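Subject: Structure handover

Hi,

Here is the structure for you to look over. My notes on it follow below.

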Amino acid sequence: PEGVVSRELAEVFRRSESRMRNDVRDLRAWLGSSPITGLPHLPAGDASRLYTETGTPGYQINDLLTDFDLFRRLRARGQARGAEGLNDLLAALQLVTGPPFTLPSGHGWSWLYDDNRIHETAATALADVAHLVVTRSMTDGDLETARTAAQIACSSIPFDEVCHLDLLKIAFTEGNTQAATEMLDHDLLERTNEYT
């Protein structure tokens, strides 16, 4: 939100500053322009708000909706609509592709937000949405959707116990007591601090 300079991007992505300037140029072309202002979502460093305010060329994204922003909006709309909002919650879960704000390198995207604990906020939001979907789907007798939601949560936030309990409940509901007992023993009772 305050903007970043090439040096900061180079540190986060572990690349040279010149490489980052080229990557930002490519990203600018890929993101395109805002339909609201007609200006690039990612203006050149000397056309950014940061440059206007401080005289320092830097990069700031304008008028762009990130996956997490969309996730939040879908969650809010889905919860506001009650039972009719299940499709919004499912759409939010479809945005999830892994642990929130992580990259294969282990570095994250938290620098995009003011909140320096955004990865925890996102994990909690994911757990809440998945559990809502599980609860509503099980009420409707749709165990497949319930299982999908719980599996998305468990694969993305493996330290969350609620998603494991949801899978356990689904297995018991299906009458698969052996699988449920194995999950109870392996995923809940014999857990260590392996995710901390």
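**The second largest pocket**

The second largest pocket holds about 160 Å³ of space. Keep in mind that this is a predicted model.

Which residues line the second largest pocket? They are Pro-99, Pro-100, Phe-101, Thr-102, His-119, Glu-120, Ala-123, Thr-124, Ser-156, Ile-157, Pro-158 and Phe-159. By type, the lining has 7 nonpolar, 4 polar and 1 charged residue. Helix H6 gives the largest share of this lining, with 4 residues.

**Overall build**

The protein chain has 9 helices and 0 strands. Read from the N terminus, the order is α-α-α-α-α-α-α-α-α. The chain has 196 residues, and 37% of them are buried. Now take the contacts with a separation of 6 or more: 49% of these link residues 24 or more positions apart.

**The cores**

In soluble globular proteins, nonpolar side chains tend to be buried together. Here, the largest nonpolar core has 34 residues. Phe-68, Phe-71, Leu-93, Val-133 and Val-134 have the most contacts inside it.

Which elements give two or more residues to this core? They are helix H4 (67-80), helix H5 (86-94), helix H6 (118-139), helix H7 (143-156), helix H8 (161-173) and helix H9 (177-189). H6 supplies the largest share of the core, 11 residues.

**Helix H1**

Helix H1 covers residues 6-13, and Ser-6, Leu-9 and Ala-10 are buried in it. Why do they sit on the same side of H1? They cover an arc of only 100 degrees around the axis, which puts them on that same side. An α-helix has 3.6 residues a turn, so residues three or four places apart point the same way. Helix H2 (17-31) is included in what covers the buried residues of H1.

Is Glu-8 buried or partly exposed? Its relative accessible area is 32%, so Glu-8 is partly exposed. Glu-8 and Met-20 are 12 residues apart along the chain, and their C-alpha atoms are 9.6 Å apart.

Just after H1, Arg-14 has a positive phi of about 55 degrees.

Best wishes

Technical notes. Residues numbered from 1 in each chain as written. Predicted model: local features only at pLDDT ≥ 70, side-chain atom pairs only at ≥ 80, totals over all residues. Heavy atoms only, no water. Core = buried A, V, L, I, M, F, W, Y, C linked by side-chain atoms within 4.5 Å. Buried < 20%, exposed > 50% of the residue type's maximum accessible area, 1.4 Å probe, protein only. 1 Å grid on protein atoms, 1.4 Å probe; cavity = no way out; pocket = protein on both sides within 12 Å on 5 of 7 lines; lining within 4 Å. Points joined across faces, edges and corners; volume = space filled by probe spheres on them. Nonpolar A, V, L, I, M, F, W, Y, C, P; charged D, E, K, R; others polar. Arc of directions from axis to C-beta. Contact = heavy atoms within 4.5 Å.
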